[in-house]
Amino acid sequence: MNISLQNIGRRFNREWIFRGVDYTFEQGNSYAILGSNGSGKSTLLQVLNGSLAPSTGKLAFEDGGKNIEPENVFNYLSLAAPYLELIEEFSLSEMIDFHFKFKSYKPGVDRAAVADILNLQGSRNKAIRYFSSGMKQRLKLALAFCSDTKMLMLDEPTSNLDNQGIDWYLGLVEKYSAGRLTIICSNQEHEYAFCENRLSITDYKP
Ligand SMILES: Nc1ncnc2c1ncn2[C@@H]1O[C@H](COP(=O)(O)OP(=O)(O)OP(=O)(O)O)[C@@H](O)[C@H]1O
């Protein structure tokens, strides 16, 4: 999937969050969207995954020479973000099975492998509501990384993770992000140091 932005802007009411974004995101590359709290990183990410329309400009999604409508972009997407909820009533196994009704597993991965990756084999029947915030974050990341999608979008991927969790996340990046279009929203270098391309929201402030 390639995403091209021509003079893209988004405002809420009268306030422009960003304006004049001309940029192309290409399949197989990794990008970091940088900026301080409240600068507009998540807003731009939502525009990039088709869930929020830009207020101005031209946005195009293209896959293998074919134009993709914004409302169909979710088919190509794995997203992990603080504002995405897990289903607290589900057990770990139920959550994994539910997620993979909508997405395919990456080759070589299945439900047991996801529990192994999380190191939670013993908690397969535990309800998500009893997971710690770090365990929930790991689960969101594992579901995103293990889905066979062309685009991987991660908003603040290491929030609630300790140092060991950060290393675990970087292991997933190494193992499961090759060939994908990877976009990370972050203001912490350890989360995006591997990204070849950087885009700073402050460059697009009116
Ligand atoms: N639906 C909305 N209606 C009005 N204002 C909004 C809406 N969504 C976001 N904003 C505003 O847009 C600005 C950018 O928010 P956004 O969440 O994109 O920033 P961010 O860079 O991701 O922040 P953080 O690092 O804290 O997650 C903020 O001022 C926020 O209040």
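Mentor: Helix 2 (residues 92–102) and helix 3 (residues 111–118) cross at about 125°, with 10 Å between their axes, and they are therefore oblique to each other. Here helices are DSSP runs of H or I with at least four residues and strands are E runs of at least two, numbered from the N terminus. Axes are lines fitted to C-alpha atoms, for helices over the stretch in contact, with angles from 0 to 180 degrees between N-to-C directions. Under 35 degrees counts as roughly parallel, over 145 as roughly antiparallel, 65 to 115 as roughly perpendicular, and the rest as oblique. This is a predicted model, in which local features need pLDDT of at least 70 and side-chain atom pairs count only at pLDDT 80 or more, while totals for chains, interfaces and linings use all residues. Residues are numbered from 1 along each chain as its sequence is written.

Trainee: Which residues of helix 2 and helix 3 meet?

Mentor: On the helix 2 side they are Leu92, Ser93, Ile96 and Asp97, and on the helix 3 side Arg111, Val114 and Ala115 (contact: C-beta atoms, placed from the backbone, within 7 Å). That contact divides into four nonpolar, one polar and two charged residues (nonpolar: Ala, Val, Leu, Ile, Met, Phe, Trp, Tyr, Cys and Pro; charged: Asp, Glu, Lys and Arg; polar: the others, Gly among them).

Trainee: And what about helix 3 against helix 4, at what angle do they pack?

Mentor: They pack at about 135° with their axes 10 Å apart, so helix 3 and helix 4 are oblique to each other. Val114, Ile117 and Leu118 of helix 3 meet Arg138, Leu139 and Ala142 of helix 4, and this contact has five nonpolar residues, no polar ones and one charged.

Trainee: How do helix 4 and helix 5 cross?

Mentor: Helix 4 (residues 133–145) and helix 5 (residues 163–176) cross at roughly 5°, their axes coming within 11 Å, which means helix 4 is roughly parallel to helix 5. Gly134, Arg138, Leu141 and Phe145 in helix 4 meet Gly165, Tyr169, Leu172 and Tyr176 in helix 5, a set of five nonpolar, two polar and one charged residues.

Trainee: Switching topic, which residues surround the ligand?

Mentor: Phe12, Ile17, Gly35, Asn37, Gly38, Ser39, Gly40, Lys41, Ser42 and Thr43 do, each with its C-beta atom, placed from the backbone, within 6 Å of the ligand. By class, the shell has two nonpolar, seven polar and one charged residues.

Trainee: Which helix gives the most to that shell?

Mentor: Helix 1 (residues 41–48) does, contributing three residues.

Key
Two residues are in contact if their C-beta atoms, placed from the backbone, lie within 7 Å.
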